[in-house]
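Please review the model shown here together with its sequence. The briefing below covers its fold, its helix packing and a few selected residues.

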Amino acid sequence: MKSDSVAVDVPAESSSAIKGKAPLLGLARDHTGSVGYKRGLSIFDFLLRLAAIVAALAAAATMGTSDETLPFFTQFLQFEASYDDLPTFQFFVVAIAIVAGYLVLSLPFSVITIVRPLAVAPRLLLLVLDTAALALDTAAASAAAAIVYLAHNGNTNTNWLPICQQFGDFCQKTSGAVVSAFASVTFLAILVVISGVSLKRP
């Protein structure tokens, strides 16, 4: 009788052990796939941050060095065009510099998401701050683009004459700064999308 009871108990234990282990193996496989996927997104996020830093610094430096002086009859009477003559361009330089500084400071958090792909807090923090940086960058680039358009084409309704025929170098630099700023806007928009996607569970 004892041998029969032991024979009955052994299959029951083995079947329960098998049932208990099967779901755990499936979860382990899904977990491994999620780690690899999120680590790949984190590496791409880090590379995009580097590209956005380059674009933002290029935009701020180009606008900050935009300056042109035209002599008029004599050297004592001159016309000068500089970015600090227009408050919009001043706002552009300050805002883009802030965005570039934020992107540099966000690199360690991006590295943390690479080392710990399943960490939620750094990704959520980057998502919130990236969205704020994107709004600031977009506002600065859009405002500067409007002034650059007026410099190229003027406005007949308000008697604003185009100045780019006289200040060609100045307009070329400001236009380049706006292009670089919109490049950083694009990179930041992709970063926001990546952060949002990486927070979702696969």
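The points that follow go from the overall architecture to helix pairs and then to individual residues.

This is a predicted model, in which local features need pLDDT of at least 70 and side-chain atom pairs count only at pLDDT 80 or more, while totals for chains, interfaces and linings use all residues. Residues are numbered from 1 along each chain as its sequence is written, and side-chain values use heavy atoms, with hydrogens and water left out. The protein has four helices and two strands, arranged along the sequence in the pattern α-β-β-α-α-α.

**Overall architecture**

- Helices (H or I, at least four residues) and strands (E, at least two) are DSSP runs, numbered from the N terminus.
- Of the 202 residues in the protein, 33% are buried, where buried means under 20% relative accessible area, exposed over 50%, and partly exposed in between (1.4 Å probe, protein chains only).
- A contact means heavy atoms within 4.5 Å; among contacts between residues at least 6 apart in sequence, 76% join residues at least 24 apart.

**Helix packing**

- Two packed helices are described by the angle between their axes and the distance between the axes. Here, axes are lines fitted to C-alpha atoms, for helices over the stretch in contact, and angles run from 0 to 180 degrees between N-to-C directions.
- Helix α2 (residues 87-115) and helix α3 (residues 121-153) have axes that come within 9 Å and cross at roughly 160°. This angle makes α2 roughly antiparallel to α3; angles under 35 degrees count as roughly parallel, over 145 as roughly antiparallel, 65 to 115 as roughly perpendicular and the rest as oblique.
- The crossing of α2 past α3 is left-handed, a term used if the near helix is turned anticlockwise from the far one by less than a right angle, with right-handed used if clockwise.
- The contact of α2 with α3 comprises 23 nonpolar, four polar and three charged residues. In this classification, Ala, Val, Leu, Ile, Met, Phe, Trp, Tyr, Cys and Pro count as nonpolar, Asp, Glu, Lys and Arg as charged, and the others, Gly among them, as polar.
- The axes of α3 and helix α4 (residues 168-199) come within 8 Å and cross at roughly 155°, which makes α3 roughly antiparallel to α4.
- α3 also passes α4 in a left-handed crossing, and the residues of this contact divide into 19 nonpolar, 10 polar and three charged.
- α2 and α4 pack with their axes 12 Å apart, at an angle of about 35°, and α2 passes α4 in a left-handed crossing.
- On the α2 side, the contact with α4 is made by Phe89, Phe92, Ile96, Val99 and Leu103; α4 contributes Phe170, Thr174, Ala177, Val178, Ala181, Leu188 and Leu191. By class, these residues are 11 nonpolar, one polar and no charged.

- Serine 42 is found in helix α1 and counts as buried because its relative accessibility is 1%.
- A polar contact is a pair of N or O atoms within 3.5 Å; within protein, one must be able to donate a hydrogen and the other to accept it, and residues adjacent in sequence count only if both atoms are side-chain atoms.
- The side chain of serine 42 makes such a contact with the side chain of arginine 123 (2.5 Å), and a polar atom of the serine 42 side chain lies 2.9 Å from the backbone oxygen of lysine 38.
- Not counting residues up to four places away in sequence, serine 42 touches Ser110, Thr113, Ile114 and Arg123.
- Aspartate 45 belongs to helix α1 (residues 2-64) and, at 5% relative accessibility, counts as buried.
- A polar contact of 2.9 Å links the side chains of aspartate 45 and serine 110.
- Beyond residues up to four places away in sequence, aspartate 45 touches Ser110, Leu191, Ile194 and Ser195.

- Isoleucine 194 is found in helix α4 and is buried, with a relative accessible area of 9%.
- Leaving aside neighbours within four places in sequence, isoleucine 194 is in contact with Leu41, Phe44, Asp45 and Leu48.
- Isoleucine 194 and phenylalanine 44 are 150 residues apart along the chain, and their C-alpha atoms are separated by 8.7 Å.
- Serine 142 lies in helix α3 and is partly exposed, with a relative accessible area of 37%.
- Serine 142 and valine 178 are 36 residues apart in sequence and 8.2 Å apart in space, C-alpha to C-alpha.
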